[in-house]
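Here are my notes on this one, in the order I'd go through it with you. Have a look at the sequence and the model first, then read on.

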Amino acid sequence: MLEGVPGSRRVTLGADKGYDTQDFYYHVSAHECNTACGQGKTSKLDGRTTRHTGYQTSQRIRKRVEEIFGWVKTVGGGRKLKIQRHGT
């Protein structure tokens with residue numbers, strides 16, 4: 001999907017902490033893309049990434065998104081949501 005991003009500016013890819021692997025960072029950096037993954041206990045991110053204000057801003061926005069999904073699952077009944085595909 002990174003290959004299809006239009007423009008020449010560097011973009012930031014946000015991902016869940018499940019993607020916090022050295023292999024993932026290698027492939028993302030090959031596409032000249034910044035990463036903003038959630039950090040696990042043994043994170044592969046180092047200070048070169050986490051020291052930037054852009055990373056910190058991304059983590060604040062990520063928290064807001066996670067809160068919305070949490071609300072949908074607990075209060076909004078999202079756990080029972082079923083998606084039906086037609087024609088498959």
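**Notes on the predicted model**

1. Confidence to begin with. The mean pLDDT of the protein chain is 77, with 86% of its residues at 70 or more; pLDDT is the predictor's confidence in each residue, on a scale from 0 to 100. Among the elements, helix α2 (residues 47–50) has the lowest mean pLDDT, 70, and α1 has the highest, 83.

2. Some housekeeping. This is a predicted model, so local features need pLDDT of at least 70 and side-chain atom pairs count only at pLDDT 80 or more, while totals for chains, interfaces and linings use all residues. Residues are numbered from 1 along each chain as its sequence is written, and side-chain values use heavy atoms, with hydrogens and water left out.

3. Layout. There are three helices and two strands in the protein chain, and along the sequence they read β-α-β-α-α. Helices (H or I, at least four residues) and strands (E, at least two) are DSSP runs, numbered from the N terminus.

4. The strands. β1 and β2 pair in the parallel sense, over five bridges; pairing requires that DSSP finds at least two bridges between two strands. Thr12 lies in β1, and its bridge partner in β2 is Asn34. Not counting residues up to four places away in sequence, Thr12 touches Cys33, Asn34, Thr35 and Ala36 (contact means heavy atoms within 4.5 Å). The C-alpha atoms of Thr12 and Cys37, which are 25 residues apart along the chain, are separated by 9.9 Å.

5. Which side of α1 is covered? In this helix (residues 22–30), Phe24, Tyr25 and Val28 are buried, where buried means under 20% relative accessible area, exposed over 50%, and partly exposed in between (1.4 Å probe, protein chains only). These three cover an arc of only 95° around the axis, which puts them on the same side of α1; the arc is that of the directions from the helix axis to the C-beta atoms. Asp23, Tyr26 and Ala30, on the other side, are exposed. The buried residues of α1 pack against β1 (11–15) and β2 (33–37). After the helix comes Glu32, with a positive phi near 50°.

6. The core. The largest nonpolar core has nine residues, namely Ala15, Phe24, Tyr25, Val28, Cys33, Ala36, Cys37, Leu45 and Tyr55. By nonpolar core I mean a set of buried Ala, Val, Leu, Ile, Met, Phe, Trp, Tyr and Cys residues joined through side-chain atoms within 4.5 Å. α1 and β2 are the elements that give two or more residues to this core. β2 is mostly covered, with four of its five residues buried. Cys33 is in contact with Leu2, Arg10, Val11, Thr12, Leu13 and Val28, leaving aside its neighbours within four places in sequence.

7. Tyr19 deserves a look. It sits in the loop between β1 and α1 and is partly exposed, with a relative accessible area of 47%. Beyond its neighbours within four places in sequence, Tyr19 is in contact with Phe24 and Cys37. Tyr19 and Lys44 are 25 residues apart in sequence and 9.9 Å apart in space, C-alpha to C-alpha.

8. Whole-chain totals. Of the 88 residues, 15% count as buried. The protein chain exposes about 7,600 Å², and carbon and sulfur atoms supply 53% of that (Shrake-Rupley method, 1.4 Å probe; for residues, only the protein chains shown count as cover). Among contacts with a separation of 6 or more, residues 24 or more positions apart account for 19%.
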